[in-house]
Structure formats: structure tokens, C-alpha cells
Amino acid sequence: MKSKVGLKSILILVAICLVISAALAVVNHFTAPVIAAAAAEREDQSRRDVLPQAAQFEPCALEGLPESITAAYKGLDGAGQVVGYVFTAKGRGFDGDITVMAAIDPAGTIVAVATIDVTSETKTLGGLTANESYTSQYQGQDESLSGVDAISGATITSTAYEGCIRDCFTAFSLVKEG
């Protein structure tokens with residue numbers, strides 16, 4: 001008799017799990033497009049923040065670019081002239097991945113950089129790479145990055161950040177016009 005009660009309990013639990021799984025699948029079906037659209041809008045806004053003079057962005061092919069480059073765009077003004085390029089790069093920090101966006105003008109100078117994600121880094125050290133006091137030192141730099149200093153105590157994350165920017169310059173040299 002105990003085996004029938006045990007089997008009945010198992011069947012009830014399996015049925016509950018199937019119903020809940022189906023409900024989650026339905027919810028995911030309706031929310032996934034909304035979440036994807038919101039993420040695309042945030043990324044587009046980030047591109048506009050680092051390259052505000054661009055009226056529109058055209059994606060560049062990622063083939064042949066460094067593996068760390070996850071997105072590449074050409075920024076165009078209202079007349080269709082290139083005003084810069086925006087690259088998103090992902091690197092390995094101290095405790096996880098960091099994501100960095102850099103805008104480079106056609107002459108090869110950084111317009112602006114933005115830290116897109118350093119959530120896995122410690123807020124007191126590695127997270128400082130998201131502060132304007134750190135990111136502003138990249139503005140106006142060329143590919144030598146000669147005036148960029150690491151954050152004391154967060155050299156792994158700072159080095160990863162700088163590596164992402166260097167990969168952005170490598171991508172820039174591969175996609176720039178002319």
C-alpha cells in the first residue's frame with residue numbers, strides 16, 4: 001500500500017512540475033521579445049551617449065575582428081558622412097567579464113568610452129572602472145593610450161578594460177573607410 005501512495009505522490013509532483021513549466025514557457029514566450037527590445041534600446045542609447053554627433057548607426061561586419069568585439073557600428077551624420085565608429089568589447093576582469101563601449105572618430109581618436117557592464121567586479125575597486133574619473137582619461141587618446149593610468153588595487157580589471165579599448169582600436173583599423 002505504501003508503494004501506491006508513493007507512486008501517487010510522484011505522479012502528482014510530476015503533473016505540478018509540467019503545469020508550472022508550461023506556464024513559465026508561456027510567460028517567456030510573451031516577455032522575451034519585450035526584454036530583447038529593451039536591451040536593444042539600451043544598447044542604442046549607449047551608442048548615442050558615446051557618439052552623440054551620429055544621427056544613425058549602421059552595423060559593421062564582425063568577421064575578422066578580434067573575438068572580444070561583440071558589436072561594431074559606423075556612426076553617420078544626417079548627410080550620411082561617417083562621424084565615427086562605435087565598438088563594444090568584452091574582456092575578463094578580476095572576478096568576471098567586463099563590457100566596454102568605445103567611440104573612435106575617423107582620425108583615430110577616442111571620442112568617449114562607457115562601461116556597459118562590470119557587475120561581477122567588486123564595487124570598491126574593479127567597479128571604479130565605471131566611474132567618469134576613470135573613463136574620462138580615455139577621451140582624446142589615440143591607440144597608444146599613453147595617458148591612461150590603471151586603478152591602484154584594481155590592476156587586473158584596469159588592464160582588462162585597457163585591453164578592450166586596444167581591441168576596439170584593432171577593430172577600428174580593420175573597418176575604417178579609406
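Helix H1 (2-50) contributes four residues to the lining of the largest pocket, the most of any element. The model is predicted; local features need pLDDT of at least 70 and side-chain atom pairs pLDDT 80 or more, while totals for chains, interfaces and linings use all residues. Residues are numbered from 1 along each chain as its sequence is written, and side-chain values use heavy atoms, without hydrogens and water. Helices (H or I, at least four residues) and strands (E, at least two) are DSSP runs, numbered from the N terminus.

A pocket is an open set of points on a 1 Å grid over the protein atoms alone, reached by a 1.4 Å probe, with protein on both sides within 12 Å along at least five of seven lines; lining residues have an atom within 4 Å of a point. The volume of the largest pocket is about 190 Å³. Its lining comprises 11 residues, and Ala39, Glu43, Thr88, Thr99 and Ile116 lie nearest the centre. At least two lining residues each come from H1, S3 (82-92), S4 (97-104) and S5 (110-117).

Thr115 is located in S5.

In strand S2 (residues 69-76), seven of eight residues are buried. Seven bridges join S2 to S3 in antiparallel fashion, where pairing requires at least two DSSP bridges.

Technical notes. Points joined across faces, edges and corners; volume = space filled by probe spheres on them. Buried < 20%, exposed > 50% of the residue type's maximum accessible area, 1.4 Å probe, protein only.
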